[in-house]
Amino acid sequence: MKYPAILPFGEILPRLGAFDAIIDVRSPSEFAEDHLPGAINLPVLNDEERVRVGTLYKQTSAFEAKKLGAALIAANIARHIEEHFLGHAHDWTPLVYCWRGGNRSGAMVHILARIGWPVTQLDGGYKQYRRHVNAELAELPAKFDFINVLCGPTGSGKSRLLQVLDRQGAQVIDLEHLAAHRGSVLGGLPEADQPSQKAFESSLWQQLRHFDPAQPVFVESESKKVGRLRVPDALMEKMRAADCTAVQLDTRHRVQLLIDDYSHFVADPEQLNLQLGHLTQLHGREKIAHWQTLALAGRMAELVEELLLQHYDPAYQQSIKRNFSRYEQAAPLVLNDISEQAFELAATALCAIVGNRL
């Protein structure tokens with residue numbers, strides 16, 4: 001094969017994992033928004049340089065912009081070769097892409113090929129990859145023969161059960177994990193910001209494409225949005241028509257589970273109270289002030305139980321019946337407590353139940 005090889009994503013996908021490196025030469029901000037799975041960022045123009053070239057293009061001429069761009073790109077590629085590539089053998093096989101597979105990646109692959117490496121350039125760049133992801137997310141969910149939706153009110157252990165199912169080797173879509181959000185007004189994670197919508201979709205696609213369509217897939221009952229991120233329509237439609245399992249846990253254990261999972265609010269009641277303020281329109285100032293007083297007094301178990309019984313449970317009952325058509329026929333799955341053993345037993349029992357339905 002002649003190098004650089006310029007191939008469309010459809011030809012690259014079957015051997016995407018075989019490349020020694022996937023190199024995204026776009027700017028750091030473009031890379032941060034989303035990128036191909038496993039890619040590293042070695043920009044040929046950083047964000048500031050890209051603005052400089054673009055401004056020159058608009059205000060002066062394409063010729064002047066290309067001269068400046070060429071100088072900057074050449075210097076950056078030289079630095080990347082010195083810092084990242086000199087140790088690679090002759091058979092090192094990188095895949096390189098930029099936004100549209102044009103000047104930026106073209107400059108990189110030209111030099112790498114002239115050196116002698118069997119380099120591949122993604123024809124159409126990241127833009128072509130995004131088209132593929134969008135198309136797949138619209139089609140993949142329909143290919144799954146069986147999806148089981150874990151239903152249950154807030155604190156019933158659905159997310160923990162998904163994690164155990166995953167450890168046991170089941171096919172699991174953990175939307176809250178992918179979205180870095182627990183899906184409620186208190187659901188933001190203190191240790192992580194949510195990814196971009198595009199990055200969320202890339203992670204979801206990467207997971208779905210490796211699933212066996214003939215095997216069951218487990219997912220939690222989510223709304224259309226997890227935090228600020230939107231679940232793709234095709235997956236949402238498949239979930240809402242799927243068989244359901246009703247995860248059941250008594251209120252005392254639900255309270256403890258939530259206190260464990262939301263320990264950052266226990267440690268910072270002021271931050272918790274800021275979030276509770278968002279519920280004022282639903283519950284009125286007097287009720288919110290009462291809950292905020294409980295938080296500041298450290299009466300977290302009392303606060304959590306009131307939030308469950310007066311806010312989360314009524315909202316859940318209205319939403320679940322409206323959005324999941326098979327919820328009324330959901331098979332019950334009772335958790336006796338929140339120990340690791342209880343979740344292991346429940347996951348094993350659920351896999352057996354679902355397996356018998358296939």
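A polar contact is a pair of N or O atoms within 3.5 Å; within protein, one must be able to donate a hydrogen and the other to accept it, and residues adjacent in sequence count only if both atoms are side-chain atoms. The model is predicted, so that local features need pLDDT of at least 70 and side-chain atom pairs pLDDT 80 or more, while totals for chains, interfaces and linings use all residues. Numbering starts from 1 along each chain as its sequence is written, and side-chain values use heavy atoms, without hydrogens and water.

Select Gln194 first. Gln194 lies in the loop between helix H8 (175-179) and helix H9 (197-208); helices are DSSP runs of H or I with at least four residues, strands runs of E with at least two, numbered from the N terminus. The side chain of Gln194 reaches the backbone oxygen of Val226 at 3.0 Å. Gln194 is buried, at 15% relative accessible area (buried means under 20%, with a 1.4 Å probe and protein chains only). Now display its contacts (heavy atoms within 4.5 Å): leaving aside residues up to four places away in sequence, Gln194 touches Ala179, Ala180, His181, Val226, Gly227, Arg228 and Leu229.

Next, select strand E8 (residues 217-220). Val217 and Val219 on one side, and Phe218 and Glu220 on the other, are all buried. Strand E6 (residues 147-151) runs parallel to E8, joined by four bridges (pairing requires at least two DSSP bridges). Here Val149 stands opposite Val219. Strand E7 (residues 171-173) also pairs with E8 in the parallel sense, over three bridges, and Ile173 has Val219 as its bridge partner.

Definitions and conventions:
Buried means under 20% relative accessible area, exposed over 50%, partly exposed in between (1.4 Å probe, protein chains only).
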